[in-house]
Amino acid sequence: MANKIPRVPVREQNPAVRATNFEEVCLGYNLEEATLEASRCLNCKNPRCMAACPVGIKIPQFIEALKVGDVAAAADIIAQDSSLPSICGRVCPQESQCEGSCILGIKGESVAIGKLERYVGDWRLSNPKEAEVAASNGKKVAVVGSGPAGLACASDLAKMGYSVTVFEALHEVGGVLVYGIPEFRLPKKGVVAKEIESVRRLGVKFETDVIVGRTVTIDSLMDEEGFDAVFVGSGAGLPRFMGIEGENLNGVLSANEFLTRANLMRAYDEQYDTPIYVGQRVVVVGGGNVAMDAVRTAKRLGAEATIVYRRSEAELPARVEEVHHAKEEGIEFRMLTNPTRVLGNEQGWVTGLNCVEMELGEPDASGRRSPIEKAGSDFTVACDVVIMALGTSPNPLIASTTDNLETNRRGCIVADENGATSRPGVFAGGDTVTGAATVILAMGAGRKAAKAIDEYLR
Amino acid sequence: MVEILSREMLAENIWQTVVYAPRIAKSAKPGQFIIVRADERGERIPLTIADYDAEKGTVTMVTQALGLSTRKIVSKGVGEHFADVAGPLGRPSDFVHETMEELQRKRFVFVAGGVGTAPVYPQVKWLKEHGVEVDVIIGAKTKDMLIYTEQMRAVASNLYIATDDGSEGFHGLVTALLEKLITEQGKSYDCCVAIGPMIMMKFVTLTAKKFNLPCIVSLNALMVDGTGMCGACRVTIAGKTKFTCVDGPEFNAYDVDFDEAMRRQGMYRTQEQRALAIAREREQGHKCNIGLDK
Ligand SMILES: Cc1cc2nc3c(=O)[nH]c(=O)nc-3n(C[C@H](O)[C@H](O)[C@H](O)COP(=O)(O)OP(=O)(O)OC[C@H]3O[C@@H](n4cnc5c(N)ncnc54)[C@H](O)[C@@H]3O)c2cc1C
Ligand code: FES
């Protein structure tokens, strides 16, 4: 019988303290807490959580193993479907996936599936297991990009006996996991580096500072360097701007720039040379995870920080937990507000953001009610820095330097559900195919493509 | 890690460094640049490519040591390593895509200022190798600050030198020299390429305009990734926002908003000065006592 206790609270850093440091906010469960929380699971015959998981993790099964404290078995069960549990446990939008479908959530609180997954994932990172690697089959596969899609594809292929080289444009491996998502949400040394290390242990080679399309091309990799197939997991890194007046003033930047300076380039650490500027007051435009990460980073760097979002709180696309944490940390939220112009002084530095109030109209194509401007509602928010977190699209570099690689209207590489593109031998998956999405979907796409590549090369 | 094969001081604070980077050497084309990170804690610094040799696998860069990061770059000696060198980045110069017939009919004049002389060199060299006649103007404050004059003489049809103080060649600015060549020496050109400090490129553009001479400039915007990911390198070209690192670095000079570009270069100036001051203090071995490291 399931234990009818309330959801076991997870330990977190005190909001007032954590708003001034970059250590992880959520401290996670220990074994005792994890087993207790696991005991709440009803082990449904028809597990709705599992159906709602984008990669179909056998959730009730791994939780059953946890109930009896068999963490190793739980880890093995998760590993069948996910290669990055300690990461997904931290960053998946559980409220709209597994936990959002949990029966317990209808009347009370759902099982903390994400926190349990994280516990199991972290346990595996500290208790690594020798992976079974097939004998080398002599075939070479190139993986472009080292985000979750590339990492997942590379590790599955390596296990099947392929010789895999990952080419990464930046100087560090990990994609958004290192340049985008901040340390306080996803520790780099403690989690991301360990996941990458486990991929390295499988024999996967990493070459950083290689920009495919510039340093090499897909064709040169296949024709000159002898790669039998290529997986493109190059993400959706191109930032969007609003196109409003004053957007090129000093002090307006993309969330990608701001977060890259802070995370990849460690601007918050005095030991690093990277400059970063927050001034007294930062306004972040947008309502997704990227906006939350930017605004909370700005706060930690000492600025007063505000979110400006054109719809209402109910439409915020960010994970619920991030919005909750941001509020606890003293972030100001200005909903139903849309910027119209960035104001600057004579030297060309930002002094404020002109906005209008919005109200919600009819639902649009995305099903969300579309915001409409309230006439005559102009007002100004004073600030020194404006960070645009309006979404990103795939970088056209690879498509534009690879003949016959089909892309769609939004610049995404066209691939079927197994990742096959219009070019034989070239597969793609993750954000570069879907547009900016989630870690778990990218990971899932990388794994599917690995299977398809194996079938293609066999 | 990228090995440094040679290092040489060309003028005060201006250094030439040759590294072993075979993939970049093989793919590089005139007009492109690289990003260098001196060490694990360094910034990603964009530097134009001064030369490349696909056979030897070498890439040459010329760096003016101004801030903390460029000082780190020039302080690395032979046998030492840079943490990272990535490239080639940006679009190659437009002329690379023109047909030989088109090209050989054209008369090019390159206007190079200061360290901007280095990236002009591979362009002129490429054109020379393809049988195109090129005139080059090199400008510097004074004779001692001139770089790459010998290399350039070997590939340019005519080399003209201008110094602000008249210590070598023409006494005055490159713009005055360009104007003189056209009005007094009867030179006529079909394309001007200016690479140097932003202010110089702005004025070369104005001069070229007077003669209806098409003009191209190579912008040295602030960058982080150099691959189109951050938008730090935004410039306004013909009223539209472009990313210097992927849409450039070369643009039609008439379309560039130079004033905005110059302003945007100063985005992190105060912080860079502060970082440099702290580094100097640390070098001198005492703790900063005016609170700069707080
Ligand atoms: C700030 C931020 C916060 C986010 N928060 C969450 C969250 O909480 N939960 C969640 O599920 N998702 C979140 N996401 C989205 C998630 O990170 C992405 O969906 C996921 O990382 C996509 O994985 P990917 O492997 O497709 O691409 P990426 O992680 O983007 O990796 C692509 C890699 O390819 C490299 N690359 C690109 N072009 C080239 C080239 N030409 N040659 C070589 N290498 C190249 C890039 O440098 C990069 O390293 C967030 C994204 C951001 C930016
Ligand atoms: S340097 Fe980041 S987009 Fe150009």
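Visitor: In what order do the five strands of the open sheet of chain A stand, and is the pairing parallel or antiparallel?

Guide: In this predicted model, the five strands of that sheet in chain A follow the order 8-16-9-10-11, and their pairing is parallel. Neighbouring strands of the sheet are turned against each other by 25 degrees on average when direction is ignored.

Visitor: Why are strand 8 and strand 11 of chain A said to stand at the edges?

Guide: Strand 8 (252–254) and strand 11 (332–334) of chain A each have a single partner strand, so that one side of each has no neighbour in the sheet.

Visitor: How do you know that strand 8 and strand 16 of chain A count as a pair?

Guide: The rule asks for at least two bridges between two strands, and three bridges join strand 8 of chain A to strand 16 (residues 385–388) of chain A, so the pair qualifies, with the two strands running parallel. As for individual residues, A:Val252 stands opposite A:Val386 of strand 16 of chain A.

Visitor: Which helix lies across strand 9, strand 10, strand 11 and strand 16 of chain A, and at what angle does it run to strand 10?

Guide: Helix 15 (residues 289–300) of chain A lies across those four strands, and it runs at about 165 degrees to strand 10 (304–308) of chain A.

Visitor: What makes the contact of A:Arg447 with A:Asp156 a salt bridge, and which parts of chain A does the pair tie together?

Guide: The rule sets a limit of 4 Å between a side-chain nitrogen of Lys or Arg and a carboxyl oxygen of Asp or Glu; the N to O distance of A:Arg447 and A:Asp156 is 2.8 Å, and therefore the pair meets the rule. A:Arg447 lies in helix 19 (residues 439–457) of chain A and A:Asp156 in helix 10 (residues 148–159) of chain A, so the pair ties together parts that are 291 residues apart in sequence. Over all chains, the count by this rule comes to 50 salt bridges.

Visitor: Turning to chain B, what is the strand order of its open sheet of seven strands, and which pairing does the sheet have?

Guide: The sheet of chain B has the order 6-1-2-5-4-3-7, with antiparallel pairing. Strand 6 (81–82) and strand 7 (84–89) of chain B stand at its edges, because each has a single partner strand and is left without a neighbour on one side.

Visitor: Into which domains is chain B divided, and what area is buried between them?

Guide: Chain B is divided into domain 1 (2–89) and domain 2 (94–217), and the area buried between these domains of chain B is about 1200 Å², with carbon and sulfur atoms giving 68% of it. B:Pro30, B:Ala50 and B:Asp51 supply 33% of the area that domain 1 of chain B buries against domain 2 of chain B, more than any other three residues. The centres of the two domains of chain B, taken over C-alpha atoms, are separated by 24 Å.

Visitor: How do you know that B:Lys125 and B:Asp51 form a salt bridge?

Guide: Their closest N and O atoms are 2.9 Å apart, which is within the 4 Å of the rule, and so the pair counts as a salt bridge. Across the interface of domain 1 and domain 2 of chain B, the rule finds one salt bridge. Strand 4 of chain B, with five residues, gives the most to the side of domain 1 that touches domain 2.

Visitor: How many residues of chain B and of chain A take part in the contact between the chains, and what area is buried there?

Guide: The contact takes 45 residues from chain B and 43 residues from chain A, and the two chains bury about 3700 Å² between them, 49% of it on carbon and sulfur atoms. B:Arg23, B:Arg41 and B:Met229 supply 21% of the area that chain B buries against chain A, more than any other three residues.

Conventions:
Residues are numbered from 1 along each chain as its sequence is written. Chains are lettered from A and ligands numbered from 1 in the order in which they are written. This is a predicted model: local features need pLDDT of at least 70, side-chain atom pairs count only at pLDDT 80 or more; totals for chains, interfaces and linings use all residues. Side-chain values use heavy atoms; hydrogens and water are left out. Domain bounds come from an automatic or database domain assignment. Buried area is the accessible area (1.4 Å probe) that two parts lose on being put together, summed over both. Contact means heavy atoms within 4.5 Å. Axes are lines fitted to C-alpha atoms, for helices over the stretch in contact, and angles run from 0 to 180 degrees between N-to-C directions.
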